[in-house]
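User: I have a model open and want to go through how it is put together. Can you take me through it?

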Amino acid sequence: MANPVFNCPHCGAKAQFSRTVADEYKDSGYHFIYGIFRCAACDCLILKVSNYREGFSSTLRLIGQYPNIYVAEISQFAESVPEEVITDFHEAIKCFEVEAYRACAAMCRRSLQSAVLEHGADAKKDLMDQIDDLSIPKI
Ligand SMILES: [Zn+2]
């Protein structure tokens, strides 16, 4: 099996990864596969967890990765985006990863509201009105 190639959450390079540790187990009709991979570009490690449902599909579905590529990509904006906006968005991603979609939506909303307040929106208004107030005026 060829070494997989994907974007590294540590260095950002599209790099080849070698699997250093792997194990698997079955539970309730699902086959779970855990693997630790090493980036050829920066030598850092990542953990990936995938599964497939026995008897339905042999296609692996990625169900978790640490560190998350999206968190790593967003972190590059840490110097230009307020910390509160970044922190709330990181939490939204974590919620999404564990399929807590309502919590994810709530954290996205909170992150967006922090952003509009940062740009001078009226804190007493609701989010829709805050967004409208910051919109480009219609001619
Ligand atoms: Zn790397």
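This is a predicted model: local features need pLDDT of at least 70, side-chain atom pairs count only at pLDDT 80 or more; totals for chains, interfaces and linings use all residues.

User: Which domains does the assignment give?

Analyst: Domain 1 covers 1-67 and domain 2 covers 68-139; such bounds come from an automatic or database domain assignment. Their C-alpha centres lie 29 Å apart.

User: And how many residues does the contact take from each?

Analyst: Seven residues come from domain 1 and five residues from domain 2, where contact requires C-beta atoms, placed from the backbone, to lie within 7 Å. On the domain 1 side, S5 gives the most, with three residues. That side has three nonpolar, four polar and no charged residues. Here Ala, Val, Leu, Ile, Met, Phe, Trp, Tyr, Cys and Pro count as nonpolar, Asp, Glu, Lys and Arg as charged, and the others, Gly among them, as polar.

User: Now the sheet. What is the strand order?

Analyst: The order is S1-S2-S3-S4-S5 in an open sheet of five strands with antiparallel pairing. Strands (E, at least two residues) and helices (H or I, at least four) are DSSP runs numbered from the N terminus, and two strands pair if DSSP finds at least two bridges between them.

User: Which strands are at the edges?

Analyst: S1 (5-7) and S5 (61-66), each of which pairs on one side only.

User: How many bridges join S2 to S3?

Analyst: Ten bridges join S2 (residues 14-27) to S3 (residues 30-39), and the two run antiparallel.

User: Switching to helices. How do H2 and H3 cross?

Analyst: The axes of H2 (residues 83-97) and H3 come within 8 Å and cross at roughly 165 degrees. Axes are lines fitted to C-alpha atoms, for helices over the stretch in contact, with angles from 0 to 180 degrees between N-to-C directions. H2 and H3 are therefore roughly antiparallel, the term for angles over 145 degrees; under 35 is roughly parallel, 65 to 115 roughly perpendicular and the rest oblique.

User: What about H3 and H4?

Analyst: The axes of H3 (residues 101-118) and H4 (residues 127-134) come within 10 Å and cross at roughly 40 degrees, so H3 and H4 are oblique to each other.

User: Which residues meet there?

Analyst: Arg109, Leu112, Gln113 and Val116 in H3 meet Leu127, Gln130, Ile131 and Leu134 in H4. By class, that contact has five nonpolar, two polar and one charged.

Key: Residues are numbered from 1 along each chain as its sequence is written. Two residues are in contact if their C-beta atoms, placed from the backbone, lie within 7 Å.
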